[in-house]
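Biologist: Could you take me through one part of this model in some detail? I would like to understand how one chain is divided and where its parts meet.

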Amino acid sequence: MTRLRALTSSFRHQMLHFFAEPQWLIPNIIAPFVMTLVALMLFRNSSGNFVLYAILGGGMMGMWGNTIYSSGYSIQFDRWNGTLEAVLATPAPLVWIIAGRALWNALIGILNAVFIFIIAVVWFQVPLALADPLLFFLALFVTLLSLAALGLVFSSAFVLTRNANVLTNGLEFPIYVGTGTMFPIAMLPAWSGPLSLSLAPSWGIDAMRYSALSGYVGLDMGYWGDMVMMIILAFVYVTAAFLLFQKVENRVRVKGDIGRI
Amino acid sequence: MSEIRPIGTEKVIEVTDLVRVYKSSQGFIHKKKKETLAVDRISFSVKKGELFGILGPNGAGKTTTIKMLTTLLIPTSGSAKVLGFDVSKHPYEVRKRIGLIIGGERGLYFRISGRQNLRYFADLYGVPRQEREKRIEDVLRMVDLLDRCDDRVEDYSRGMKQRLHIAKGLINDPEVIFMDEPTIGLDPQASRDTRKLIKDLLVQGKTILMTTHYMFEADELCDRLAVINKGKIVAMDTPRGLKSLMKDTCVIEVEGFGLTDKDVETLKAIPGVRAVSATMNEDKQVLRVQVADAGEMLAPIAGRLSGSNVIDMKVKEPTLEDAYLWLVEKND
């Protein structure tokens with residue numbers, strides 16, 4: 001019960017911090033705008049499906065960028081503030097606290113995707129006709145959870161480092177490329193295939209494209225196969241995160257550097 | 001403090017041969033490993049309802065001791081139990097039952113209100129949801145912060161932030177409270193309010209372990225004190241007991257202006273001088289010179305300071321600060 005309280009209250013806590021600093025909305029608008037602009041310039045003369053394909057990729061990039069950046073910044077902020085030590089002194093395991101925050105960060109990442117769609121439709125007048133809206137939103141929701149799970153795994157490293165921002169910057173682009181949000185995984189060298197397929201969001205973006213684009217041919221497993229793979233991988237991430245956080249919590253108690261900035 | 005309220009016999013904190021070594025490394029290719037012994041085989045116990053103080057210079061190991069007892073650090077060796085739970089083996093059981101109050105500006109979320117801070121920590125401590133709001137009101141009233149609790153913490157004064165720290169440390173109604181320099185940087189009024197609050201907590205039966213740099217505070221509040229230097233406990237007694245270590249000592253207080261650290265060193269070199277402490281303000285300096293026989297030592301001290309601007313010299317009774325300085329210098 002304490003664990004669930006830690007999760008829900010950390011989710012709310014992260015929300016309060018988001019609304020306490022309205023400037024957070026600026027990157028949430030500017031970055032998607034630039035991404036959409038680039039995608040539309042590159043694929044201006046392509047068919048409607050290809051434009052939608054690019055916009056979905058842009059939305060996904062926005063979601064991941066926000067998840068990883070906010071998760072890193074949240075831990076960095078706590079370290080600078082001296083509150084990382086304060087939350088570690090409570091009986092709530094750190095993994096539940098960070099999980100609540102990662103969920104909010106992933107959820108707010110939807111804002112990026114929403115802005116991208118709005119900019120594409122309103123500004124650039126791209127026709128957005130989803131082949132199966134229900135399945136699309138289901139895939140979007142599960143992808144969101146898988147992003148939070150992936151963010152949670154990386155967050156364990158953020159707790160250990162004094163400068164999480166360096167790690168977040170380094171982790172942004174490999175995931176864009178590896179998950180096929182920038183361009184299809186098939187275009188990547190063969191050796192990177194297993195790596196891409198071990199990332200849950202790769203399956204998520206594929207599932208979203210299956211449900212959004214009629215006649216889309218992506219990974220061999222189809223929409224539901226993508227969904228199952230994504231859920232399995234997300235569970236693996238969460239399990240790994242719990243084990244990693246146990247190690248991390250023990251390590252910071254041994255090293256005694258959690259309060260250092 | 002022990003004269004005005006009963007102290008139990010049950011030991012709620014038990015520390016045995018506790019050691020903490022920090023390991024660090026420097027350099028990238030040629031790594032240099034370094035070990036620092038921060039706490040060196042300390043042992044003590046604290047009884048239910050007692051206020052136990054830890055005194056010591058900066059870097060003596062006070063905060064490290066508190067961090068081990070509050071489970072933030074794992075001891076290198078030895079054992080520490082709080083309310084019967086080993087801090088290494090059962091950290092979550094310990095955390096449920098204790099409160100940690102730290103001094104200073106950090107440790108609070110500045111961009112949200114004081115109430116929102118407390119609500120978050122109440123949730124992390126698992127305060128039952130139906131009791132949470134009442135508990136928040138109670139602690140806010142206790143620290144006199146009800147009227148500003150919905151303002152953002154970044155708009156609080158230093159004293160208000162400290163009061164919020166205290167409220168945060170009490171949110172789970174802990175049996176044992178750890179305070180690390182709770183009045184550091186506070187103005188005299190805020191310090192006095194904090195000391196009154198600490199006394200109220202003792203009346204409620206709480207057990208407190210506190211570190212402080214302020215001797216008058218330790219003298220006023222603590223039932224027992226441990227003086228720690230370079231990680232070792234060099235003395236442990238009641239404030240009166242520690243002061244009695246100075247029963248064969250007199251203090252000559254020298255007041256002047258333009259006195260320097262060189263004068264302090266000069267006085268320390270006089271045979272028969274046990275220790276010298278100095279309060280060096282810009283407009284006035286006060287030196288406290290510990291000697292065995294004030295009558296004999298007045299003349300040599302005055303002689304050494306003959307070229308300095310001495311305003312007054314008085315013979316005084318030794319204080320806890322004198323005892324502390326003597327102990328630290330003796331064991332340096």
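Modeller: Happy to! Of the 332 residues in chain B, 45% are buried, meaning that 20 or more other C-beta atoms lie within 10 Å of the residue's own, with C-beta atoms placed from the backbone. Please keep in mind that this is a predicted model, where local features need pLDDT of at least 70, side-chain atom pairs count only at pLDDT 80 or more, and totals for chains, interfaces and linings use all residues. Residues are numbered from 1 along each chain as its sequence is written, while chains are lettered from A and ligands numbered from 1 in the order in which they are written.

Chain B has 11 helices and 14 strands; these are DSSP runs numbered from the N terminus, with helices being H or I of at least four residues and strands E of at least two. Its C-alpha atoms fill a box of roughly 70 × 50 × 50 Å along the principal axes.

Now to the division: chain B splits into domain 1 (2-238) and domain 2 (245-330), with bounds from an automatic or database domain assignment. The C-alpha centres of these two domains of chain B are 34 Å apart. Where they touch, domain 1 of chain B contributes 9 residues and domain 2 of chain B contributes 6 residues, a contact being two residues whose C-beta atoms, placed from the backbone, lie within 7 Å.

On the domain 1 side of that contact in chain B, α7 (215-221), β9 (224-229) and β10 (232-237) each supply at least two residues. α7(B) gives the most, with 3 residues.

Conventions
Buried ≥ 20, exposed ≤ 12 C-beta atoms within 10 Å, placed from the backbone.
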